[in-house]
Amino acid sequence: MSDRTINLTDTVYRYILEHSVREHPVLKELREATKGIPHAGMQISPEQGQLMALLVKTIGARRTIEVGVFTGYSSLSVALALPPEGRIVACDVSAEWTAIAKRHWEKAGVAAKVDLRLAPALGTLDALLAAGEAGRYDFAFIDADKGNYPGYYERCLALVRAGGLVAIDNTLWNGWVADAAHQEDDTRAIRAFNDALLADRRIDLSLVPIGDGMTLALKR
């Protein structure tokens, strides 16, 4: 999907980048390396990565979760923002794409912060819960297959502490969620997910029009 904030002119978007984004050199290198590979549009935008890093610092996060690593831009953004003892449990199924991520984690000096789990994420999250990890994480980011968003969300909400944050990507889905003409499976799945979060009184909620839409759910 889109790798930039929707409904902005090119001029305004460029202004945002030039006047707010302080992209780490390895993040920039990773973004450039990802441009030429299939599904490059799955990478988050630089301003979105910077917002996530700011949020992680704001809540004092140390233990975090990522569902959907791809080539590692989001996990690298978070890892750079974490303190030296900070850790990310990073869930993905692609050895090929995460190999790119691992190279850049190493180059940025944050590889020790990332615990990569190459397995279906629902199983990894269930294993964390079974190990007594509920309420022991500060932040989670979900950016994976859309049909499983409800399952990822419920598990991440259980794993984060009260006052912890769950961020979910692609919740505007190129604007199609607001267009009844679009009835694709993923579009309908995200629509239903957005409706469910609106009604979820366990969280404080904001759907931020950044990148392809990012929902922030603060656990009460």
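Predicted model: local features only at pLDDT ≥ 70, side-chain atom pairs only at ≥ 80, totals over all residues.
Which residue forms a salt bridge with arginine 155? The partner is aspartate 126, and the closest N and O atoms of the two sit 2.7 Å apart.

## Salt bridges

Let's stay with that pair for a moment. Arginine 155 has a relative accessibility of 22%, so it counts as partly exposed. Aspartate 126 is also partly exposed, because its relative accessible area is 35%. As a bit of background, side chains of opposite charge can pair when their charged atoms come close. The structure holds 13 salt bridges.

Another one of them joins arginine 63 to glutamate 133, where the closest N and O atoms are 2.6 Å apart. Here too, distant parts of the chain are linked: arginine 63 is in strand β1 (residues 63-67), while glutamate 133 is in the loop between α6 (121-130) and β4, 70 residues apart. Is glutamate 133 buried or exposed? At 9% relative accessibility it counts as buried, because the cut-off for that is under 20%. Arginine 63, with a relative accessible area of 26%, is partly exposed. Arg63 and Glu133 also belong to a network with Arg136, held together by salt bridges that share partners.

Then there is glutamate 23, which forms a salt bridge with arginine 31; the closest N and O atoms are 2.6 Å apart. Glutamate 23 comes out as partly exposed, with 21% relative accessibility.

## Aspartate 143

Where does aspartate 143 lie? Look in the loop between β4 (137-142) and α7 (149-159). Aspartate 143 has a relative accessible area of 14%, so it counts as buried.

If you want to see what surrounds aspartate 143, leave aside residues up to four places away in sequence: it then touches Met42, Ile44, Val67, Gly68, Tyr149, Asp169 and Asn170. Asp169 in that list is an acidic residue, as is aspartate 143 itself.

## A negative patch on the surface

Now for the outside. Asp145, Asp179, Glu184, Asp185 and Asp186 gather on the surface in a patch of negative charge.

One of these, aspartate 185, lies in helix α8 (residues 185-198). Its relative accessibility is 66%, so aspartate 185 counts as exposed. By contrast, aspartate 143 is buried at 14%.

How values were computed:
Residues numbered from 1 in each chain as written. Heavy atoms only, no water. Helix = DSSP H or I, 4+ residues; strand = E, 2+ residues; numbered from the N terminus. Buried < 20%, exposed > 50% of the residue type's maximum accessible area, 1.4 Å probe, protein only. Contact = heavy atoms within 4.5 Å. Patch = residues over 30% accessible without salt bridge, like charges linked within 9 Å, V, L, I, M, F, W, Y side chains within 5 Å. Areas by Shrake-Rupley, 256 points an atom, 1.4 Å probe, with all protein chains shown as cover. Salt bridge = Lys/Arg side-chain N within 4 Å of Asp/Glu carboxyl O. Charge placed at Lys NZ, Arg CZ, Asp CG, Glu CD.
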